[in-house]
Amino acid sequence: MKLIQFSILVILGLQTTYYLSAQNYNDLKPGDSKFMLRGYAHAGLESSGDDLSFVGGSFNPIFLWQQNERLIFEGELEISANGEETEIELEYANISYMVNQYITLRLGKFLLPYGIFSERLHPAWINKLSTMPLGFGHHDPIGPTADYGVEIRGALPIQYRRIIYSIYATNGPALNNGMENSQEAGLLHYTRISDNNRNKAIGGRLGIFPFTDSSLELGLSGQYAQVGEDDTEFEEVRGMFSAVDISFIRSIPLLKSVIDIRGQYNSVFVDEAEYDQELDEHDEIHQFENLSSTYFGQVSIRPAYINTPILKQIEFVGRYSKLQTAEESPWGSEASQIAVGINYWLDWRSVLKFSYQINNIESTDEDLHGDDDDGHASESINGFYLHWAIGF
Amino acid sequence: MKINLLIKLTTIMIFLIGLFAMSGCATSSDAMVEKSGAQLWGENCARCHNAPSPSAFGDDEWETIGSHMRVRANINNSDMEKIVNFLQMAN
């Protein structure tokens, strides 16, 4: 009896195995829901001043979940080493619903369409240099980079050209009133999960493509927000953020090359306010014009159409950026950066980047070397960078 | 001072958009031809990064990537469908 039962089980098992193996892969139809894991990573060798170090860079997984043809989730983490610890930051996590051809609704934490660098150009395999332009990094940026809120965006056709638009409402930046550290009075803190006031920042970007081949894009961005905390003496303090950007990418047949020109100018203006400041054990009221700006201009050229396999993968790039923060503030500084580099593209999304960079910094920070008679400190830092970056 | 600068920049932008809209009425004969998926692939991808190789992903993956890029790059649905169809045929 047991032998018969065992035999029946074996026969059933063999039949099931035969049935499964006989199924063609094409018979397995995919559903509406799709998941993809993408992302990027970079690491390298950096020499700056007296330091020479291999750096782990970061690993940024991007999670894409497409629920159906209208609904998609995107989320990105940044995983990096900070000393002996591993830091994990949420870059963005949001849901997009495609209302129609011209309108997409997005909710959650998203990269703000404030210019082009933070939203599009910052990933390591897209950024043509190993560093960010001054004032465009995720830490201590001049202008907003990401926030929590709601956005509508899309493209509107005009004849055979188009306009792209984004309009959003977010928590907005928060003013540091200097109560905890008077040296930080007047600074703005971006990307806050809890708002310091009931007001919401309103902003957007408009981009136009004057040429029908979309080789040139001009953009104008703006944001207006209450930055002071409600029910305090700073609740009437407002911030105005503006940016202009340009992108020009075109093949130049005469040079058998592709030229790529990018630029962006950010300006941040915060209403004047009175900050209590302790100087030499005497309380003082400090007021200053709270105006900061930064810009960069970048040009790259790649002989992508010449016949030599190695040379067509090489790209030459140069960038200049300059940052100026509120001059009379405790954190006032002026810095400029020149970076030149040569990239070698292993494929369309993997690159070796070699660059040399000169940073000149002038600050009221006494920790910098080279004080001049005006009480400013200046420093020049040069560095070599060899990075690899991979997108996947 | 900064509000004046913003107003000036906004005025310039509105002027450019108006000029841009009016110039759209006098497009060249080349521009009147509807763009192919390959053209749209080359023009839109290059706005941020190198144009991806069609063989990099499978058909299902291109659909998901297309949805993701449609949001990121403000590409309308009809253009993105052409781009995805081109990539699926070419991979």
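Which residues line the second largest cavity?

Reply: The model is a predicted one. The second largest cavity is lined by A:Phe117, A:Leu121, A:Ile126, A:Asn127, A:Lys128, A:Pro133, A:Asp260, A:Arg262, A:Phe296, A:Gln298, A:Arg319 and B:Cys48. Helix H2, strand S13 (257-270) and strand S16 (290-302) of chain A are the elements that each give two or more residues to this lining. Sorted by class, the lining has 6 nonpolar, 2 polar and 4 charged residues. The space in the second largest cavity comes to about 100 Å³.

This cavity belongs to a set: the count is 6 cavities of 30 Å³ or more. The largest cavity holds about 520 Å³ of space. Its lining has 34 residues, and those closest to its centre are A:Arg38, A:Trp125, B:His49, B:His68 and B:Met69. Elements of chain A that give two or more residues to the lining of the largest cavity are strand S1 (34-48) and helix H2 (117-121), and those of chain B are helix H3 (37-45), helix H4 (59-72) and helix H5 (77-90). H4 of chain B gives the most, with 6 residues. By class, the lining of the largest cavity has 22 nonpolar, 7 polar and 5 charged residues.

Chains A and B also touch each other, with 58 residues from chain A and 45 residues from chain B in the contact. About 4,800 Å² is buried between the two chains, 63% of it on carbon and sulfur atoms. Between them there are 3 salt bridges, including one that joins A:Glu74 to B:Arg72, with the closest N and O atoms 3.5 Å apart.

Definitions and conventions:
Residues are numbered from 1 along each chain as its sequence is written. Chains are lettered from A and ligands numbered from 1 in the order in which they are written. This is a predicted model: local features need pLDDT of at least 70, side-chain atom pairs count only at pLDDT 80 or more; totals for chains, interfaces and linings use all residues. Side-chain values use heavy atoms; hydrogens and water are left out. Contact means heavy atoms within 4.5 Å. Buried area is the accessible area (1.4 Å probe) that two parts lose on being put together, summed over both. A salt bridge is a side-chain nitrogen of Lys or Arg within 4 Å of a carboxyl oxygen of Asp or Glu. On a 1 Å grid over the protein atoms alone, a cavity is a set of points where a 1.4 Å probe fits but cannot get out, and a pocket is an open set with protein on both sides within 12 Å along at least five of seven lines; lining residues have an atom within 4 Å of a point. Grid points are joined across faces, edges and corners, and a volume is the space filled by probe spheres set on the points. Helices (H or I, at least four residues) and strands (E, at least two) are DSSP runs, numbered from the N terminus. Ala, Val, Leu, Ile, Met, Phe, Trp, Tyr, Cys and Pro count as nonpolar, Asp, Glu, Lys and Arg as charged, and the others, Gly among them, as polar.
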